[in-house]
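Student: I would like to learn how to read helices and strands in a model. Where do we begin?

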Amino acid sequence: MDSTPSKVLAKCHNIDDLRSLAQRKVPKLLFDFMDGGAEDEVALRRSRSGFDRYQLVPHNFVDVSKINISTEVMGRKIDAPLIVSPTGLPKLFHHTGEESLVPAAGKHNIPYTLSSASSTSIEGVGNLSSGPKWFQIYVWKDRAIVRDFIERCKGAGFSALCLTIDVPITGNRERDVRNGLAMPLKMPPTIAFDMLRKPAWLYNALTHPLPTLANLVDRVEGDTSAADLSRYTEEQLDKAISWDDAAEMKEQWGGPLGIKGVLRAEDADRAAEMGFDSVIVSNHGGRQLDHSPAPIDVLPEIAEAVDGRCQIILDGGVRRGTDVLKALCLGATACMAGRPYLFGLGAGGQAGVERAMEILKGEIHRDLMILGCADVKDLGPQFLRRID
């Protein structure tokens, strides 16, 4: 059951419209899990406001009769400089989860990054689309899990790995604490009443299996509920990782690999020196360390440190096509985003995800033309002006 008519989604003209629609359709405790950040959410807000420090300065008398927004990232040509970030348990927001996200990304030929905490398995996602698929991986205490994930990704046709390095422990996400978010979902009267007000979500939740961490069900004996698997995941996060661990993973994988969670120029320099294919400038969507820098603010110094030796991907705060253009002007090859597509998912399943992609791609195309630049690969600092 999905009660969102296409005409309703067509009236969503930007990502904030999709966010508002998702907020009306998804129970509050789950919407807050999707939408919220750590502690006072300063990092979350700055990830957005950081883009406001830059103005776009158009060039005139430029032939923009043909516009190219395609590019190449981690060895694959993609139709737009967009990548779907890894997000855990998306079936909490809509019963289709990855079954909507992956085909939508494939249809638009942009990479989908599967979370280690996904609600569909590596193999299941591999069968959903022939489009580019990446896998987000941590360094686990049990290195056999890492080796197993890598081999499964090879077998399922994944084209790149995304090593996430900024989660030695889960951040303090106070919205979730206040809402009492737990697995399985608890139903105090206030939450139960709120869910009753979201009939489509509730119907689908009652008529489909409870989401679980699909990639781990075979690794835990006994109870494989989301709660027990989440505790297992937290216990497995290695708090003593080193560059040697990253190098070992790079060798085991043997294909394109990006490092996600980089906010320091010296870390970016080390990754480039070691031959990693990309550094992903990210503060984990403001969900880990509050008061961490906005990715857009550290992007220039990271681009200077990398100096073209590997690609740079910006992850954090993207809601508009102009955000993407600004990031590319500052040295990024593409932008990751998670929430825009989750808002679309919550708003209307696969049709909502596709609407989010259509909005962002349309804005990039239109704004590039107005900017006086015919190709995203020609963007650079000449199109920017910083204001403080």
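Tutor: Begin with angles between axes. Angles under 35 degrees count as roughly parallel, over 145 as roughly antiparallel, 65 to 115 as roughly perpendicular and the rest as oblique. Axes are lines fitted to C-alpha atoms, for helices over the stretch in contact, and angles run from 0 to 180 degrees between N-to-C directions. Helices (H or I, at least four residues) and strands (E, at least two) are DSSP runs, numbered from the N terminus.

Tutor: This is a predicted model, where local features need pLDDT of at least 70, side-chain atom pairs count only at pLDDT 80 or more, and totals for chains, interfaces and linings use all residues. Residues are numbered from 1 along each chain as its sequence is written, and side-chain values use heavy atoms, with hydrogens and water left out.

Student: At what angle do helix α3 and helix α16 pack?

Tutor: The angle is about 160°, and the axes of α3 (residues 28-35) and α16 (residues 339-371) lie 10 Å apart. The two helices are therefore roughly antiparallel.

Student: Which residues of α3 and α16 meet?

Tutor: Contact means heavy atoms within 4.5 Å. F31, M34 and D35 in α3 meet R339, L342 and F343 in α16.

Student: Is strand β7 buried or exposed?

Tutor: Buried means under 20% relative accessible area, exposed over 50%, partly exposed in between (1.4 Å probe, protein chains only). In β7 (residues 160-164), 5 of the 5 residues are buried, so the strand is largely enclosed by the rest of the structure.

Student: Which way do the residues of β7 point?

Tutor: In a regular strand the side chains alternate between the two faces of the sheet. Here A160, C162 and T164 point one way, while L161 and L163 point the other.

Student: Which strands pair with β7?

Tutor: Two strands pair if DSSP finds at least two bridges between them. β6 (residues 133-137) pairs with β7 in the parallel sense over 4 bridges. β8 (residues 257-262) also pairs with β7 in the parallel sense, over 4 bridges.

Student: How many residues of helix α5 are buried?

Tutor: In α5 (residues 98-107), 7 of the 10 residues are buried, and the helix is mostly covered. The cover includes β6 and α16.

Student: Where does H108 lie?

Tutor: H108 lies in the loop between α5 and β5. H108 is buried, with a relative accessible area of 8%. Leaving aside neighbours within four places in sequence, H108 is in contact with D79, E354, M357, E358 and K361.
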